[in-house]
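Visitor: Hi! Could you walk me through this one?
Guide: Happy to, here it is.

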Amino acid sequence: MTSLADKIPTLNEADLKALRANAARLLETGSPVQVTTAADIIPLIDARLAEIAAEPKPVVVRKRAAPKQKLAPVTGHQTALPDKTA
């Protein structure tokens with residue numbers, strides 16, 4: 001089974017923040033084993049969050065909507081039936 005410390009590099013920023021909040025809560029209200037584990041993992045989480053913060057953010061390129069095609073003006077009555085001579 002993979003330890004939690006091995007999974008930290010694969011977690012995204014939101015998951016890391018949630019994990020850190022849980023670890024901080026366990027430092028205050030957890031069992032002795034949970035307190036030691038949380039104390040061991042918080043520095044690893046903080047280091048990974050610092051790495052993520054230092055990475056350049058991807059540039060978001062917004063594409064402009066294609067211009068709407070102009071339709072030719074409509075002439076004549078739209079509900080007229082076709083001529084029988086045509």
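This is a predicted model: local features need pLDDT of at least 70, side-chain atom pairs count only at pLDDT 80 or more; totals for chains, interfaces and linings use all residues.

Visitor: Okay, how do the axes of helix 2 and helix 3 cross?
Guide: The axes of helix 2 (residues 13-29) and helix 3 (residues 32-54) come within 9 Å and cross at roughly 150 degrees. An angle over 145 degrees counts as roughly antiparallel, so helix 2 is roughly antiparallel to helix 3.

Visitor: And is the crossing left-handed or right-handed?
Guide: Helix 2 passes helix 3 in a left-handed crossing.

Visitor: Which residues make the contact?
Guide: Helix 2 brings residues including Leu16, Leu19, Ala23 and Leu27. From helix 3 come, among them, Ala38, Ile42, Ile45 and Leu49. The residues of this contact divide into 14 nonpolar, one polar and five charged.

Visitor: Switching topic: what makes up the largest nonpolar core?
Guide: Ten residues do: Ile8, Leu16, Leu19, Ala23, Ala38, Ile41, Ile42, Ile45, Leu49 and Ile52. Helix 2 and helix 3 are the elements that give two or more residues to this core, and helix 3 gives the most, with six.

Visitor: Let's zoom in on leucine 19. Why does it count as buried?
Guide: Its relative accessibility is 17%, and buried means under 20%, so leucine 19 counts as buried. Leaving aside neighbours within four places in sequence, leucine 19 is in contact with Leu4, Ile8, Leu11 and Ile45.

Visitor: What about isoleucine 41, what is that in contact with?
Guide: With the neighbours within four places in sequence left aside, isoleucine 41 is in contact with Leu4, Ala5, Ile8 and Ala23.

Terms used. Residues are numbered from 1 along each chain as its sequence is written. Side-chain values use heavy atoms; hydrogens and water are left out. Axes are lines fitted to C-alpha atoms, for helices over the stretch in contact, and angles run from 0 to 180 degrees between N-to-C directions. Helices (H or I, at least four residues) and strands (E, at least two) are DSSP runs, numbered from the N terminus. Angles under 35 degrees count as roughly parallel, over 145 as roughly antiparallel, 65 to 115 as roughly perpendicular and the rest as oblique. A crossing is left-handed if the near helix is turned anticlockwise from the far one by less than a right angle, and right-handed if clockwise. Contact means heavy atoms within 4.5 Å. Ala, Val, Leu, Ile, Met, Phe, Trp, Tyr, Cys and Pro count as nonpolar, Asp, Glu, Lys and Arg as charged, and the others, Gly among them, as polar. A nonpolar core is a set of buried Ala, Val, Leu, Ile, Met, Phe, Trp, Tyr and Cys residues joined through side-chain atoms within 4.5 Å. Buried means under 20% relative accessible area, exposed over 50%, partly exposed in between (1.4 Å probe, protein chains only).
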